[in-house]
Amino acid sequence: MKQRKAWRVVREVIDEADIIVEVVDARDPIGTRNRKLERLVKEEGKPLLIVMNKADLVPKEWAEEYKRKSEIPVVFISARERKGTGILRREIKKLAKGLLDYQDKVKVALIGYPNVGKSTIINTLKGKKAVGTAPIPGYTKGKQLIRLSKKIWLLDSPGVVPIDDFDELVIKGGFPADKIEEPVKPALKLIGRILETRKEALTEKFGIEDFSSEEDILREIGKRKGIIRKGGEVDLEETARWLLREWQTGRFTLFGKEEEKGQEFVWDFEDVLDGIEKDLLLDPRRILWKYGEELREKLDNTKRVGIREIEGFTVGIATGFKKCDGGIKLLEKLTGKHALASECFGKKWKGVVVIME
Ligand SMILES: Nc1nc2c(ncn2[C@@H]2O[C@H](COP(=O)(O)OP(=O)(O)OP(=O)(O)O)[C@@H](O)[C@H]2O)c(=O)[nH]1
C-alpha cells in the first residue's frame with residue numbers, strides 16, 4: 001500500500017516536470033538506478049539525465065568507464081564538494097533548449113532513492129544567490145520552484161523512489177542485518193551486485209580471486225573469517241549476516257580506501273527495544289524516563305543505532321552524535337521514514353530517541 005502511494009508521488013513529479021534528473025550514488029550505480037522510473041519517464045516522452053553523485057568517493061577512471069557504457073546521458077558530480085555542478089547546469093540547459101522552442105518555461109525534477117544526495121544537490125544548485133526559492137503564483141501551495149535561469153526552474157522537493165524489494169532494502173541499509181531471519185538470499189544478491197559492479201572489491205577485502213558462484217564466494221568468505229559450525233562446515237547464515245553487517249556499516253565498500261567515514265555505526269540497543277511497550281510509544285520522553293540510564297551509559301564517540309517496528313510505529317535510537325539532528329537524520333535515512341517526535345539527551349555526546357510514522 002505504502003509502495004503504491006510512494007510511486008504515485010513519483011508519477012506526479014514526473015508529470016509535473018519537463019526534464020527528469022535521476023540521481024544515483026556513484027558507488028553503486030547499478031543498485032541505485034531504477035529501471036521502473038526510467039521506463040515511466042520514457043513512456044511520458046520526457047528527457048532523462050542521470051546524475052551520479054558522490055563522485056568524490058569513487059576513482060575517476062571508474063566514473064569515466066561507466067559514462068562510456070551508458071546509453072542515457074550521465075553527469076558526474078560531487079554535490080558535497082560542489083564539483084561538476086557547472087556541467088550539470090550545462091547539460092540541463094542543453095536538454096531544455098529543445099523544449100523552449102515550444103514553451104516559455106521548463107521545469108526540472110530530481111528523482112532518486114533515499115540518501116543519494118538529492119537535497120544536497122538542490123541546495124548546491126540554489127547557490128548563495130538570494131533569488132533562491134520563490135513562490136510562483138498559481139503553483140501548488142507548499143511547493144516552490146528554484147530558479148536556475150530565467151526560463152529553467154527546479155522543483156524544490158525531489159521525488160523519492162521507494163525501495164520495494166526486501167533484499168534491496170537490506171543492501172541499502174534499511175533493515176538491520178542482525179534482524180534478518182533469512183540472510184542468505186540478500187547476501188547472495190549483494191555478492192551478485194558486487195560481481196556485476198566491481199568484483200576486485202572481493203579480492204581486496206577477502207583475498208578471493210575465484211568468482212565461480214555467489215554461494216561459493218559466500219562459503220569462502222565464511223571459511224576465511226572462521227565462521228564455522230561444530231561439524232567444521234561453514235555457517236552460511238551467520239556468514240551472510242556478518243557480510244551484510246560489514247556492508248551496511250560501511251566497513252566493506254566497493255572501493256576499499258574511499259570509505260565514507262562519517263556514516264559508520266554499529267547496531268545496538270536490542271534490550272531496550274525489546275522492552276518498549278505500547279504505552280511508551282505515545283511520547284519518546286517516556287522511553288527516556290524508563291531507559292535513560294541504560295542509554296546514557298553508552299554515550300561515547302561511537303555511533304550506535306537501534307531500530308524496531310512496534311505496533312505500527314518505528315522506534316529509533318541513535319547515540320554518539322555531536323548534535324541530535326545528526327542522529328535523527330541517520331535514523332530517517334536508514335528507515336526512509338519521517339520523525340514524528342524525538343527526545344534528545346546527553347551532554348558532550350548526544351543521543352536521541354525518535355518515533356517515526
Ligand atoms: N561524499 C559525499 N556525500 C554526499 C554527497 N552528496 C550528498 N552526500 C551525503 O549523502 C547523505 C544524503 O544526502 P541527502 O542530500 O540528504 O540525500 P537525499 O537523496 O536528499 O536523501 P532523502 O532525503 O533520504 O531522499 C548526506 O549525509 C550527505 O551529506 C557527495 O557528493 N559526496
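Author: In this predicted model, two strands are said to pair if DSSP finds at least two bridges between them.

Reader: In which sense, parallel or antiparallel, do strand 9 and strand 10 pair?

Author: Val266 stands opposite Arg304 in strand 10. Two bridges are needed for a pair, and strand 9 and strand 10 (residues 304-310) have 2 bridges. The sense of their pairing is parallel.

Reader: Which strands stand at the edges of the open sheet of 5 strands?

Author: The 5 strands of this open sheet follow the order 9-10-11-13-12, with mixed pairing.

Reader: At about what angle does helix 14 run to strand 11?

Author: Helix 13 (residues 284-297) lies across strand 11 (313-321), strand 12 and strand 13 (350-356), at about 40 degrees to strand 12. Helix 14 (residues 324-335) also packs on the sheet, where it touches strand 10, strand 11, strand 12 and strand 13. The direction of helix 14 makes with that of strand 11 an angle of about 135 degrees.

Reader: Is Glu311 buried or exposed?

Author: Glu311 is found in the loop between strand 10 and strand 11, and this residue has a positive phi of about 50 degrees although it is not a glycine. Around Glu311 there are 9 other C-beta atoms within 10 Å. A residue with 12 or fewer such atoms counts as exposed. Glu311 is therefore exposed.

Reader: Where is the place of Arg82?

Author: Arg82 is not a glycine, yet has a positive phi of about 55 degrees. Arg82 has 12 other C-beta atoms within 10 Å and is therefore exposed. Its place is in the loop between strand 3 (74-76) and helix 5 (85-99).

Reader: Which helix gives the largest share of the shell around the ligand?

Author: The ligand is surrounded by 18 residues, and the closest are Arg80, Pro114, Gly117, Ser119 and Thr120. By class, this shell has 5 nonpolar, 7 polar and 6 charged residues. The largest share, 3 residues, comes from helix 6 (residues 118-126).

Reader: Which residue of strand 7 is the bridge partner of Lys107?

Author: Strand 4 (residues 106-112) and strand 7 pair in the parallel sense over 3 bridges. From strand 7 (residues 152-155), Ile152 and Leu154 point one way and Trp153 and Leu155 the other way, and all are buried. The bridge partner of Lys107 in strand 7 is Trp153.

Reader: Through how many residues does a hairpin join strand 6 to strand 7?

Author: Strand 6 (residues 145-147) and strand 7 pair in the antiparallel sense over 3 bridges. The number of residues through which the hairpin joins strand 6 to strand 7 is 4.

Reader: How are helix 10 and helix 11 oriented to each other, roughly parallel or roughly perpendicular?

Author: Helix 10 (residues 214-225) and helix 11 (residues 236-248) pack at an angle of about 85 degrees, with their axes 9 Å apart. The contact is made by Leu218, Arg219, Ile221, Gly222 and Lys225 of helix 10 and Leu236, Thr239, Ala240, Trp242 and Leu243 of helix 11. These residues divide into 6 nonpolar, 2 polar and 2 charged. Helix 10 and helix 11 are therefore roughly perpendicular.

Reader: How many residues of the contact of helix 8 with helix 10 are nonpolar?

Author: Helix 8 and helix 10 pack at an angle of about 105 degrees with their axes 9 Å apart, and this makes helix 8 roughly perpendicular to helix 10. Their contact is made by Ala187, Leu188, Ile191 and Gly192 of helix 8 and Glu214, Glu215, Ile217 and Leu218 of helix 10. In this contact 1 residue is polar and 2 are charged, and the number of nonpolar residues is 5.

Note on methods. Residues numbered from 1 in each chain as written. Predicted model: local features only at pLDDT ≥ 70, side-chain atom pairs only at ≥ 80, totals over all residues. Axes fitted to C-alpha atoms, helices over the stretch in contact; angles between N-to-C directions. Parallel < 35°, antiparallel > 145°, perpendicular 65-115°, else oblique. Contact = placed C-beta atoms within 7 Å. Nonpolar A, V, L, I, M, F, W, Y, C, P; charged D, E, K, R; others polar. Near = placed C-beta within 6 Å. Buried ≥ 20, exposed ≤ 12 C-beta atoms within 10 Å, placed from the backbone.
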